[in-house]
Amino acid sequence: MMAVANNEPNNLETLENQLRELSHDDRVLTIIQDFADRLGKTKDRQKVFGAEGALVRQPIEYRDMLARGLIRDDEDAFALLQGDIVSSDAGYFLGERITNMKFAIASSTCDLVLGRRDYASLLRLQPIFSDNPQAKQLLGEMLKFKSTKRMYLPPLPGDSRNVVGNAVVFDGVIQIRLDDLLLATRHASLSLVGWRIFGSLVRTIMVRAGASETEMRSKA
């Protein structure tokens, strides 16, 4: 039998115990919600999460990162990153082409390398206008991070003056050919904390565990 290095699981029960704390855990989302609660009212949360550079930043450029020594020249060159905000008319939702819309890239950065995959996944961005009678309610809900239907983003470069925020819509995934996505217009990249929150929500939606599901899989 092949020797197992120290601290590596040597049976499936040990492996499951280790994965349990990582793959289906929602404590990260609870931490985000608690942080938002401590900020106070919606306007206070909006001030923090909507500040310049808080959740979004200018697009992260490959050559700039290379010149600054933040990536090595033997790492894959990138044109896009997970969580980048882009616009493209080449995405499809339930077989229907989606135009005149911005998207957040849901696929992992490592899958966005040219030639590695054929397709990628996007999530729609819904601008929230100041004259929307539900704008205040939507902002209040999103800035609590209680719902996994939408994630708050501040107004983006190029948004009209009456846009008070944007919602990343997690209900429904857009499909796009990777070759087409690589030609998309970039508007912004997520900051580190923005990317962490975005990733937590994506994971929560895709692999959230329920107590009964755990019971079924372990005892059925």
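Mentor: A search of the whole structure finds 13 salt bridges, a salt bridge being a side-chain nitrogen of Lys or Arg within 4 Å of a carboxyl oxygen of Asp or Glu. The model is predicted, and local features therefore require pLDDT of at least 70 and side-chain atom pairs pLDDT 80 or more, whereas totals for chains, interfaces and linings use all residues. Residues are numbered from 1 along each chain as its sequence is written, and side-chain values use heavy atoms, with hydrogens and water left out.

As background, the chain holds eight helices and nine strands. These are DSSP runs numbered from the N terminus, helices being H or I of at least four residues and strands E of at least two. The C-alpha trace spans about 65 × 45 × 40 Å along its principal axes. Of the 220 residues, 37% count as buried; the term means under 20% relative accessible area, while exposed means over 50% and partly exposed in between, with a 1.4 Å probe and protein chains only.

Among the salt bridges, K102 and D159 meet at 2.8 Å, N to O. This pair links distant parts of the chain, with K102 in strand β5 and D159 in the loop between β7 and β8, 57 residues apart. K102 is buried, at 18% relative accessible area. The bridge between R68 and D64 has an N to O distance of 3.5 Å; here R68 is exposed at 52% and D64 partly exposed at 35%. R72 and E75 form a further bridge, at 3.9 Å from N to O, in which R72 is exposed at 52% and E75 partly exposed at 32%.

β5 (residues 102-105) is joined to β6 (residues 119-129) by three bridges, and the two run antiparallel; A104 stands opposite L123 of β6. β6 also pairs with β8 (residues 163-177), in the antiparallel sense and over 10 bridges. Within that pairing L125 stands opposite V168, and Y119 has R177 in β8 as its bridge partner.

The aromatic contacts come next. A pair of aromatic rings is described by the distance of the centres and the angle of the planes. Rings of Phe, Tyr and Trp (its six-membered ring) pair if their centres lie within 6.5 Å; planes under 30 degrees apart count as stacked, over 60 as edge-to-face and the rest as tilted. The structure holds four aromatic pairs. The rings of Y62 and F78 have their centres 5.6 Å apart and their planes at 90°, so this pair is edge-to-face. Y62 lies in helix α4 (residues 62-67) and F78 in the loop between α4 and β2 (85-87), so the contact ties together parts that are 16 residues apart in sequence. Y62 is buried at 16% relative accessible area, and F78 is buried at 18%.

The rings of F170 and F198 have centres 6.0 Å apart and planes at 40°, so the pair is tilted. It links distant parts of the chain, since F170 lies in strand β8 and F198 in helix α7 (residues 192-207), 28 residues apart. F170 is buried at 8%, and F198 is buried at 1%. Ring pairs also link F35, F49 and F145 into a cluster.

R124 lies over the face of F93, at 4.5 Å from the ring centre; the criterion is NZ of Lys or CZ of Arg within 6 Å of the ring centre and within 35 degrees of the ring normal.

Technical notes
Pairing = 2+ DSSP bridges.
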